[in-house]
Amino acid sequence: MKYRIHPIVMGSKVFDKGMMTYQLDYGTPYTIPIYCWYIEGGDKNILVDTGEMQPIVSEDREKALGGHIHTFEEGLARFGLKPEDIDIIIHTHLHNDHCENDYKCPNAEIYVHEKELESIHDPHPLDFRYMEDYIADVEDNGQLRVVSGAEQEIVPGIRVVHTPAHTEGGLTVLVDTDKGRAAITGFCIIDENLNPPKQIRAMEMEVIPPGTCINPKESYDILLRVKDMADIILPLHEPRFASGEAIG
């Protein structure tokens, strides 16, 4: 089975670029998109992450991103879908900006790694981005499908791989497309993390760990491993996908 991936901007953040690039570019203002990825193909309506519930929509943010910021309903409507039409949601992780619209999808099976569930129910004080209220309804409804171990097939042509770089339960999503295998990273990075500028490569660094990570050395190795997993790498917050052009 081959799929096409549609990035939909369903939120944004304006913050310090160092939040993306470990030990680099602190003090540089930067705008990132928050994506929901619609995977088209097969007989299931599949999303990776669900974005923010009430995204800030402003001319400045859209100009910085180069694309329109949608509400969840607006983004799905572009493809003739409503929240109740979603069959599967795959979560890269459970930080709030990646799961705020889960409750709107009552018919979805929601895949999440077991370590992410542990984290959202008992977060470390340093990790304030977990808010269990956003998954309470879907957990009570029995919608969660818990992924354990290193790898699991979700449907033919779509797999998840445990990549605990940004969070303990991060899942990178591997999608077979006509243009090869695509990887939606299970950690919050931009293109520059995987393709550092010349001055960083001159320091013998092949990748840059996420600005917030579990362990920087282990995260470095995970990024290298993900680069080798796929023909197309989709960093989770890379602005160049904000135009919404289909991938694959």
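Predicted model: local features only at pLDDT ≥ 70, side-chain atom pairs only at ≥ 80, totals over all residues.
Figure 1. His162 belongs to strand β8, which spans residues 158–162. Its relative accessible area is 19%; because the limit for a buried residue is under 20%, His162 counts as buried. Beyond the neighbours within four places in sequence, the contacts of His162 include Glu168, Gly169, Gly170 and Leu171, together with His113, Gly149, Ala150 and Arg225. The C-alpha atoms of His162 and Ile222 lie 9.7 Å apart, although 60 residues separate the two in sequence.

**Figure 2. Strand β8 and its pairing with β7 and β9.** Four of the five residues of β8 are buried, so that the strand is mostly covered. Strand β7 (residues 151–155) pairs with β8 in the antiparallel sense, over four bridges. In this pair, Gln152 stands opposite Val160 of β8. Two residues lie between the strands in the hairpin of β7 and β8, where Gly157 adopts a positive phi near 95°. Five bridges, again antiparallel, join β8 to strand β9 (residues 171–177). Here Ile158 has Val175 of β9 as its bridge partner.

**Figure 3. The open sheet of six strands.** The strand order is β1-β2-β3-β4-β5-β6, and the pairing is mixed. Strands β1 (4–16) and β6 (144–147) stand at the edges; each has a single partner strand, so one side of each is left without a neighbour in the sheet. On average, neighbouring strands of this sheet are turned by 20° against each other, direction ignored.

**Figure 4. Parallel pairing of β4 with β5, and the helix lying across β5 and β6.** Strand β4 (residues 88–90) runs parallel to strand β5 (residues 109–113), and three bridges join them. Within this pair, Ile90 is placed opposite Tyr111 of β5. Helix α3, formed by residues 114–121, lies across β5 and β6 and runs at about 85° to β5.

Figure 5. With a relative accessibility of 3%, Leu194 counts as buried. Leaving aside neighbours within four places in sequence, Leu194 is in contact with Ile189, Glu206, Val207, Leu223, Lys227, Ile233 and Pro235. One of these residues, Ile233, is 39 residues away from Leu194 along the chain, with a C-alpha separation of 8.9 Å.

Terms used. Residues numbered from 1 in each chain as written. Heavy atoms only, no water. Buried < 20%, exposed > 50% of the residue type's maximum accessible area, 1.4 Å probe, protein only. Contact = heavy atoms within 4.5 Å. Pairing = 2+ DSSP bridges. Axes fitted to C-alpha atoms, helices over the stretch in contact; angles between N-to-C directions.
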